[in-house]
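Please keep the sequence and the model in view while reading.

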Amino acid sequence: MIKYGLIILIIDEIVNCLTNNNYSINEDGLVDVDGDVCIVRNNWGKFLIPFGHVTGDFRCSENQLTSLDGSPHKVGGDFHCYHNNIYSLIGGPTSVGGEYKAFDNNIRSFKGFPENHRSLM
């Protein structure tokens, strides 16, 4: 029980830093954010927290990400994942309201790119 409580406190602290405390955790464990999320230059190799819906921008550029697994399912604003080591867009958002920037990666296929979106930068 103590270990579980400590894990929740650590997740809460990380999410507070990334979202300015405008978030909720769903029953399925995904984090929804009312606003922006900025995970830039943190040297993350993967997402430490699984995101659901972000109403604002989601920026995870300039890390060491190799996958978009754990990124939000829906982003109301821009989605920036450039300057990483991503090979595939699978696992990324299925809906992006603004820009989708994924340049300077190792992307080998556009499979997983949101069908409703008009361009990839």
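## N43 and its partners

When neighbours within four places in sequence are left aside, N43 is in contact with N63 and Q64, contact meaning heavy atoms within 4.5 Å. The C-alpha atoms of N43 and N63 are 4.4 Å apart in space, although the two residues are 20 residues apart in sequence. N43 is placed in the loop between β3 and β4, where strands (E, at least two residues), like helices (H or I, at least four residues), are DSSP runs numbered from the N terminus. With a relative accessible area of 57%, N43 is exposed; on this scale buried means under 20% relative accessible area, exposed over 50%, and partly exposed in between, using a 1.4 Å probe and protein chains only.

## Basis of the model

This is a predicted model, in which local features need pLDDT of at least 70 and side-chain atom pairs count only at pLDDT 80 or more, whereas totals for chains, interfaces and linings use all residues. Residues are numbered from 1 along each chain as its sequence is written, and side-chain values use heavy atoms, with hydrogens and water left out.

## Salt bridges

Side chains of opposite charge can pair when their charged atoms come close. A salt bridge is taken here as a side-chain nitrogen of Lys or Arg within 4 Å of a carboxyl oxygen of Asp or Glu, and by this rule the count comes to three. One of them joins the side chains of E62 and R41, with an N to O distance of 2.9 Å. This pair links distant parts of the chain, since E62 lies in the loop between β5 (58-59) and β6 (74-75) and R41 in the loop between β3 (37-38) and β4 (51-54), 21 residues apart. E62 is partly exposed at a relative accessible area of 27%, whereas R41 is exposed at 59%.

The side chains of D57 and R59 also meet in a salt bridge, at 2.7 Å from N to O. D57 counts as buried, at 15% relative accessibility, while R59 is partly exposed, at 28%. K101 forms a salt bridge with E99, in which the closest N and O atoms are 3.5 Å apart, and E99 is partly exposed, with a relative accessible area of 30%.

The structure holds six aromatic pairs, and ring pairs link F47, F51, F58, F79, Y100 and F113 into a cluster. Rings of Phe, Tyr and Trp (its six-membered ring) pair if their centres lie within 6.5 Å, and planes under 30 degrees apart count as stacked, over 60 as edge-to-face and the rest as tilted.

S71, found in the loop between β5 and β6, is in contact with F47, F51, F79, G91, G92 and P93 when neighbours within four places in sequence are left aside. S71 counts as buried, at 3% relative accessibility. The side chain of S71 reaches the backbone oxygen of L68 at 2.7 Å and that of G91 at 3.1 Å.

N105 is found in the segment after β9 (100-101) and is buried, with a relative accessible area of 16%. Not counting residues up to four places away in sequence, N105 touches C81, Y82, H83, N84, N85 and I86. The side chain of N105 reaches the backbone oxygen of C81 at 3.1 Å, and a polar atom of this side chain lies 3.1 Å from the backbone nitrogen of I86.

How values were computed. Polar contact = N/O pair within 3.5 Å; in protein donor to acceptor, adjacent residues only side chain to side chain.
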